[in-house]
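Hello,

Here is the structure you asked about. My notes follow below it.

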Amino acid sequence: MTGEPAPPLARTTLDRAAHRRTDPDWLAEAWEHARVLVLDSTDDGRALVRGVAAPPELVLVGSGELPEVPRSVPMFLGVDADGVPVFAVDAPLPELAGTRRVNLREVGHLLTDRDAGIFTTALALLNWHVRHGYSSSTGQPTEVDEAGWSRVDPGGGRIWPRTDPAMIVLVHDGVDGPDGRCLLGNNATWPRTPGERRYSCLAGYVEPGESAEAAVLREVREEVGVAVEEIGYAGSQSWPFPGSLMLGFLARADADAPIRVDPAEIAHARWFTRREIGAALADQPVRVDGGDRLLLPPPSSIALFLVHRWLDGHC
């Protein structure tokens, strides 16, 4: 993907400096002059930003400026381009003038590459720690080790952060121009807003023993009853809600094939032309079944990245 746009949460400039995670002396010295991102696990993993115009600036404080004792030990994220160590902690957000509380979904696409990488990594790591206070093999409590990159139980059993691979695919009909179509679905579990209905790419977790491409074939068939071919990889990004890696694909299907949705997964699915998608992106009303206005995926998602790839003819 060199030279091409990256998914919004796949951007970073931070050097993770993984060899420092097991060097307690270096970490102790680094903490004294570190920049620290404060996240609040009790408030959807929110952090502070400054500015209302893009790009907003992620607020990092000095290690000596933390207003309260953090709920977690410092998690070492890496070293910034200027050589300054960057850490994250779970703590109540400080009250700082000119700042606002945001979650990653709201601002991930607006942040600079540096800030997007810091926020995404910190939230993914924090969410893993929140869910792994006990060992899955022994049931014993675990403690943070290796500067936040592992947990260990009293017997020395160690676990490391993991992400769940999931595929997401923009299904299209292979037709160029404004009349080319893509297949989007409205998930049955999404909350409804009167007068609006969100449609997005089809997605699902990669099952044990399965390749990502096989998951694309299976999930599309299960969710909408359509067979796909010409599956092409488009990119990936972390989706730390709470801990997925989204593997993005484009795939072709016959737009005349009948759609048979699994009602437990998909409330409704339909084909949209490039003309309709372009209008919706331009904030023009596009009506779907029942007269609801079409909403597209949120801008921090890889789903909208895939929609743009198709819209621009990269399929």
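Helix H3 is mostly covered: 14 of its 18 residues are buried, meaning under 20% relative accessible area with a 1.4 Å probe, protein chains only (exposed is over 50%, partly exposed in between). The model is predicted: local features need pLDDT of at least 70, side-chain atom pairs count only at pLDDT 80 or more, and totals for chains, interfaces and linings use all residues. Numbering starts from 1 along each chain as its sequence is written, and side-chain values use heavy atoms, without hydrogens and water.

H3 covers residues 113-130. Helices (H or I, at least four residues) and strands (E, at least two) are DSSP runs, numbered from the N terminus. At 1.5 Å a residue (times one less than the number of residues), H3 should span 26 Å, and its end C-alpha atoms are 26 Å apart, which agrees.

Val130 is in H3. At 54% relative accessibility, Val130 counts as exposed. Its C-alpha atom is 9.9 Å from that of Asp90, 40 residues away along the chain.

Next, the sheet. Three strands form an open sheet in the order S8-S9-S10, with antiparallel pairing; a pair needs at least two DSSP bridges. S8 (143-145) and S10 (158-159) are the edges, each with a single partner strand, so one side of each has no neighbour in the sheet. S8 and S9 (residues 150-152) are joined by 3 bridges. Asp145 stands opposite Ser150 in S9. H3 packs on this sheet and touches S8, S9 and S10, contact being heavy atoms within 4.5 Å.

Best wishes

Note on methods:
Axes are lines fitted to C-alpha atoms, for helices over the stretch in contact, and angles run from 0 to 180 degrees between N-to-C directions.
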